Each structure stands twice: as C-alpha cells, then as structure tokens.
Amino acid sequence: MAKVLVVTSGKGGVGKTTSTAALGAALADGGKKKVAVVDFDVGLRNLDLIMGAERRVVYDLINVVQGDAKLNQALIRDKRIESLFLLPASQTRDKDALTEEGVARVIEDLKKEFDWVVCDSPAGIERGATLAMRFADVAVVVTNPEVSSVRDSDRIIGMLDSKTKKAEDGGRIDKHLLITRYDRNRAERGEMLKIEDVLEILSVPLVGVVPESEEVLRASNLGSPVTVLSPLSAAGRAYTDAAKRLTGEDVPMVVTNERRGFMTRLFGRRAA
C-alpha cells in the first residue's frame, strides 16, 4: 500500500529540500521501490535543482492540478535511479493556484502508481505547507539543533496533529524527527542544543541525525541526492539509515561527527 510522506519544517534553511531528495533516493532502494518526490514550494522550485533535473522541466504540479497536463507528462524520471521520479513545482505561479481538490486528485493518482509519495513542503505555515501535509500518512519534521528552529518545529507538529485529513478523521499522523547539521563537539561546548534536549522539547521519535557535512553542499551543487553521490559519507549513511527506519527496519541510531570521524551510539534511543 502506498504511503504519503511529507518532509516539513517550521524554519527555512534547515535542509528540508536536500533531505527530501536524499530520503526519496534512499527509499527507492536502488530501484526496488517506486518513489515520487513532489515539490510543493510553488514560486521557488528548488527540488529540481537538487536532483539535477532543472533543464528537463516542461510541466509542473500546478499544470497537473489545474488539468493543463496529465500526471505522466509532468513526472520526470531520475537519471540515476529508474524507479525515482520528480513532480516539480512552478516558478511562475502563486501558491494560491493550488487547490485542495486538485492536490487530493494528484496524490490519489500518485498512490496508484508509486510505493512512496514524498512531499517537499515549503517552510512555515502558509497554504503550500498546509496542502503538502494535508494528505500525508507519515511526516518527517526537519530541524536544526537551535532554539528558534526547534520552537518553529513544535508549531509544525501542532499543525500535523490538527490540519491534516488524518487528524480531521480522528486519526494521528505518524511523526518522526530528523535533526540536521548536527556537530557533537559544538553541542558539547554549548554552541547548539544536544540531541537529548531537542527530543525532550519536541517529544517526537527520532528517525535520524545528519551531521554537518560538506558532502551535502557538494551533492546539492552537483544536482544529486547525497545518498546517491556520496552514499558512504556520514550524511549519506545517516539519510539511508533514516529511510530504512521509515520502512520499519530496526537500525541502531548512530551519530557520526564527520569532520573528525568520531562515532558514538545513542544508547537507549530507538526510532519508533
């Protein structure tokens, strides 16, 4: 049965779009599962850049929502993983062009064809963000280990528990926390929050910790998910392990400080 996953955050600049690309590629599992990543950031459209598909965009999400193009016309197959597809956002339209009915139809059509539908939400709480999470079964809340980012994530968690279709129907969306740009040494010096502090504030199961890594920036600049370009890097492994946990695998939570090759296990912390 297809699952709809929203990758969301309250604060911009936390690595949400790079996380969407990395998780989408990892969930495709080398072609074993069919995955669609959908860019809901109408007006900006960065997911196609991260995935190296910017020159191949002809139709976009708005075209499909408004019936100007069919879904298969807008979907772009990834050049590296045959089972990974991108549905880009529009750069020239406004978020108000998205309608709940149109988004619902597109999501249902995607669920018929794909194992995972990964929605890249705009940061914040405006219309694009609420529609990106509206029909989700699972959410990954991306946060940096800093007070403002964690505070904004807390508000997003509240929206996931109240503004989604699942919540309105009396259910609860399956939420996971992904901490990005983590540096254990800086956390020990008190320059950023420790993992335990973030978990205590947000009370959401931890799905992964992605260290501060130059490989993430390099992969983005080269138009490739880090899980494809540098799968053995600390960040690549962190995203791959997070994707495995999302599929139900019991993977030990390991945090790697890439700059010094430091590795430590979070004893007693298990992903839900």
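These legends cover the whole chain and then its salt bridges in close-up.

The model is predicted, so local features need pLDDT of at least 70 and side-chain atom pairs count only at pLDDT 80 or more, while totals for chains, interfaces and linings use all residues. Residues are numbered from 1 along each chain as its sequence is written, and side-chain values use heavy atoms, without hydrogens and water.

**Figure 1. Overview of the protein chain.** The chain holds 13 helices and 10 strands. Both are DSSP runs numbered from the N terminus: helices are H or I with at least four residues, strands are E with at least two. The C-alpha trace spans about 55 × 40 × 35 Å along its principal axes. Buried residues make up 56% of the 272 residues. Here buried means under 20% relative accessible area, exposed over 50%, and partly exposed in between (1.4 Å probe, protein chains only). Of the contacts with a separation of 6 or more, 72% join residues 24 or more positions apart; a contact means heavy atoms within 4.5 Å.

**Figure 2. Lys-16 and Asp-120, a buried pair.** A salt bridge joins the two residues, with the closest N and O atoms 3.3 Å apart. The pair links distant parts of the chain: Lys-16 sits in helix 1 (residues 16-28) and Asp-120 in strand 5 (residues 116-120), 104 residues apart. Lys-16 has 8% relative accessibility and counts as buried. Asp-120 is buried too, at 1%. A salt bridge is a side-chain nitrogen of Lys or Arg within 4 Å of a carboxyl oxygen of Asp or Glu. The whole structure has 20 of them.

**Figure 3. Lys-111 and Glu-108 within helix 5.** This salt bridge has its closest N and O atoms 3.6 Å apart. Lys-111 and Glu-108 are three residues apart in helix 5 (residues 100-113), so about one helical turn separates them. Lys-111 is partly exposed, at 26% relative accessibility. Glu-108 is also partly exposed, with a relative accessible area of 41%.

**Figure 4. Glu-212 and Arg-181, a loop paired with a strand.** The closest N and O atoms of this salt bridge lie 3.3 Å apart. Glu-212 is in the loop between strand 8 (206-211) and helix 11 (214-221), and Arg-181 is in strand 7 (residues 174-182), so the pair ties together parts 31 residues apart in sequence. Arg-181 counts as partly exposed, at 43% relative accessibility.

**Figure 5. A network of salt bridges.** Glu-100, Arg-134 and Glu-168 are linked in this network.
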